Amino acid sequence: MPAIKSILHGSETFPPDAAFVEQSNLAGLASYHALCAEAERDYENFWGNLAKEQILWHKPFTRVLDESNHPFFKWFDDGQLNISYNCLDRHLVTQPDKVAIIFEADDGKVTRSTYRDLHRRVCQFANGLKSLDVGKGDRVIIYMPMSIEAIVAMQACARIGAIHSVVFGGFSAKSLHERIVDAGAVAVISADEQVRGGKSISLKSAVDEALSMGGVDSVRSVVIYQRSGKDSKCHTTRDVWWHDLIADKDDTYEPEWVNAEHPLFTLYTSGSTGKPKGVQHSSAGYLLGTLLSMKWIFDYKPADIFWCTADVGWVTGHSYVAYGPLAMGATQIIFEGVPTYPDSGRFWKIIQDHKVTTFYTAPTAIRSLIKSGPDLPGQFDLSSLRLLGSVGEPINPEAWMWYYTVVGQSRCPIVDTWWQTETGSHMLAPMPGAVPLKPGSCTFPLPGIMATIVDETGHEVENGKGGFLVIKRPFPSLARTLWGDPERFRKTYFPQDLGGKYYLAGDSASRDLDGYFWIMGRIDDVLNVSGHRLGTMEIESALVSNPLVAEAAVVGKPHDIKGEAIIAFVVLKGIRPHGEDAHNISVSLREWVTKEIGPIARPDEIRFGDNLPKTRSGKIMRRLLRAIARGEKITQDISTLENPAILEQLQQPIN
Ligand code: WTA
């Protein structure tokens with residue numbers, strides 16, 4: 001594969017197709033540079049003008065950026081707006097009958113909701129929440145399947161000024177409980193079941209279990225959307241069916257006008273400790289980021305059929321399902337199921353059936369689709385596609401080439417978008433009508449995003465060298481704090497070692513001689529499994545909470561499909577198990593982690609030792625464990641290792 005080899009060296013570029021450039025919102029590299037220069041010249045006015053242009057303000061702002069309480073920045077903070085108004089009401093005059101959401105259920109059934117209909121549903125549900133005494137600033141946990149109702153729930157919270165916190169439906173009751181408690185939620189919105197890949201999984205029973213764990217007195221109501229209609233137990237005073245709640249409710253609701261800095265949502269994500277952090281976003285700054293990236297990176301056009309495959313439980317499902325596309329007035333697909341059901345052609349069939357123009361997914365999905373049917377896209381009519389996107393982890397050049405040639409038929413640019421839960425919207429990504437692509441590179445920062453790479457002392461490194469990815473100036477869509485833990489926010493993202501001024505993303509990266517950014521991976525103990533962030537400490541805490549386990553260390557290992565696989569090294573309280581015993585305990589510990597966190601955190605492999613490799617001061621030597629997990633010969637310095645004999649033991653896989 002000579003072409004791919006040279007790409008791996010970063011030399012081959014793919015300039016945008018002439019036909020694409022002609023219709024693009026931003027054509028030619030010069031216009032990209034002009035926008036960047038404008039931001040450099042007058043940073044505040046650059047953002048101020050965009051905020052005036054893009055957002056509908058109830059009360060205009062007079063201040064753009066307040067940096068006085070670094071790093072707790074405020075943007076446009078004396079302005080007032082409502083996000084739901086910006087996503088729905090603004091389209092009622094211009095395009096009420098345009099379809100906002102095309103929902104395709106797991107079994108293929110399609111339902112549509114226009115902007116008028118969605119507005120009506122959101123207002124009704126907002127009235128429902130109000131009748132439950134949920135109001136401005138209250139926290140609401142949303143634990144729902146991919147559905148129009150999930151979007152309605154999020155938008156209704158935004159409409160009344162409540163702060164939602166969506167918990168991915170794949171998380172366990174224990175994880176749900178942890179988030180309910182941390183948020184001090186007053187209400188939980190969920191469903192009886194979720195249906196994926198032909199199977200039903202109860203969500204309500206996880207809610208019941210979470211609410212039986214104690215410390216949840218803040219929760220006054222539970223609203224249950226009836227997805228499957230299978231019998232579900234209702235707690236007499238606390239639970240209410242979604243359809244009963246909205247039955248007699250008015251379908252208008254005057255939006256609650258909130259300040260620009262009012263928190264729109266918190267979203268829990270993994271960090272380098274055992275406790276997930278509640279990343280808290282603002283209203284206006286966040287909205288601005290999603291709007292601009294829809295326009296600049298997705299090159300949004302009113303005729304587009306937009307499809308972001310992310311679940312609303314992740315940030316991508318917030319910015320590019322629940323908010324960005326609606327704020328733009330787009331028609332988007334929401335898909336309930338999985339890419340492999342009823343067969344691996346499902347994604348391609350959806351693109352064909354609904355004439356999708358813009359398709360945004362994760363490299364792990366692309367890799368698994370290559371594996372299950374490299375030629376399948378050829379059997380479908382994918383001619384409606386004009387733009388492809390990738391998010392969540394680095395896309396390897398081989399997967400990029402397949403995506404580009406087989407799915408995009410060498411016609412559609414691929415926007416490889418680097419960003420994070422904390423950044424709220426795209427940070428590094430090509431403007432597709434302007435920037436020539438290099439497979440595997442997320443190319444350049446968006447205009448106004450002052451990204452660079454520094455060494456461990458905070459000094460910028462020259463092109464060709466690697467280091468820490470940082471953003472030098474605050475930007476509107478940056479998270480404002482961590483829920484209930486501002487100190488952790490400051491320490492994690494604005495560390496003193498780097499001078500305390502720059503936003504530290506937590507990724508390492510390099511820039512090639514053309515200035516293209518290449519993301520190399522996390523610098524902290526965070527794994528990226530199928531595009532999902534998981535803290536090694538979280539999995540370790542789950543393992544050691546098992547009565548059999550004395551100690552555990554978790555590392556990542558490269559995996560063809562998932563990006564990274566989870567390998568756990570475990571020391572039991574009793575003797576080290578062998579043979580069938582080891583196998584059985586390994587199975588039960590993997591199940592245990594699934595119950596504690598969720599299936600995404602289940603270790604791929606467990607190895608048992610009498611001990612873990614440690615320095616004399618008792619620190620676990622993770623670099624050795626990483627080498628063992630990869631099956632590499634240990635060539636590293638082990639002179640500080642207390643117990644070298646342990647290495648051999650840990651190199652033994654369980655069959
Ligand atoms: C990784 C997802 C390389 C990165 C939006 C980041 C990526 C973490 C890319 C954030 C990309 C995301 N190329 N790596 N295009 N996009 N990442 O918070 O390590 O779930 O720090 O947000 O995913 O994951 P999160």
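Biologist: Asp77, buried or exposed?
Modeller: Asp77 is buried in this predicted model, because its relative accessible area is 14% and the cut-off for buried is under 20%.

Biologist: Which side chain does Asp77 meet in a salt bridge?
Modeller: That of Arg63, at 3.0 Å from N to O.

Biologist: What about Glu193 and Lys230, how do their side chains meet?
Modeller: In a salt bridge, 3.6 Å from N to O. Glu193 belongs to strand β9 (residues 193-196), while Lys230 is in the loop between β11 (221-225) and β12 (239-241), so the pair ties together parts 37 residues apart in sequence. Glu193 counts as buried at 13% relative accessibility, and Lys230 is partly exposed at 45%.

Biologist: Where do Asp514 and Lys438 lie?
Modeller: Their side chains form a salt bridge of 2.6 Å, N to O. Asp514 is in the loop between β24 (503-511) and β25, and Lys438 in the loop between β20 and β21 (451-454), so this pair ties together parts 76 residues apart in sequence. Lys438 is buried, with a relative accessible area of 2%.

Biologist: How many salt bridges does the count come to?
Modeller: The count is 38. There is also a network of salt bridges that links Asp117, Arg120, Arg121 and Glu149.

Biologist: Switching to the ligand. Which residues come nearest?
Modeller: Asp416, Thr417, Thr421, Arg522 and Arg533, out of 17 residues around the ligand.

Biologist: What classes make up that shell?
Modeller: Six nonpolar, six polar and five charged residues.

Biologist: Which helix or strands each supply at least two of the shell residues?
Modeller: Helix α12 (315-328), and strands β20 (414-417) and β25 (517-522).

Biologist: What lies 2.8 Å from a polar backbone atom of Thr417?
Modeller: A nitrogen atom of the ligand. A ligand nitrogen atom is also 3.5 Å from a backbone N or O atom of Pro394.

Biologist: And which side chain has an N or O atom 2.9 Å from an oxygen atom of the ligand?
Modeller: The side chain of Asp507.

Biologist: How much of the ligand's accessible area does the protein cover?
Modeller: The protein covers 95% of the 520 Å² that the ligand has on its own.

Terms used: Residues numbered from 1 in each chain as written. Predicted model: local features only at pLDDT ≥ 70, side-chain atom pairs only at ≥ 80, totals over all residues. Heavy atoms only, no water. Near = heavy atom within 4 Å. Polar contact = N/O pair within 3.5 Å; in protein donor to acceptor, adjacent residues only side chain to side chain. Areas by Shrake-Rupley, 256 points an atom, 1.4 Å probe, with all protein chains shown as cover. Helix = DSSP H or I, 4+ residues; strand = E, 2+ residues; numbered from the N terminus. Nonpolar A, V, L, I, M, F, W, Y, C, P; charged D, E, K, R; others polar. Salt bridge = Lys/Arg side-chain N within 4 Å of Asp/Glu carboxyl O. Buried < 20%, exposed > 50% of the residue type's maximum accessible area, 1.4 Å probe, protein only.
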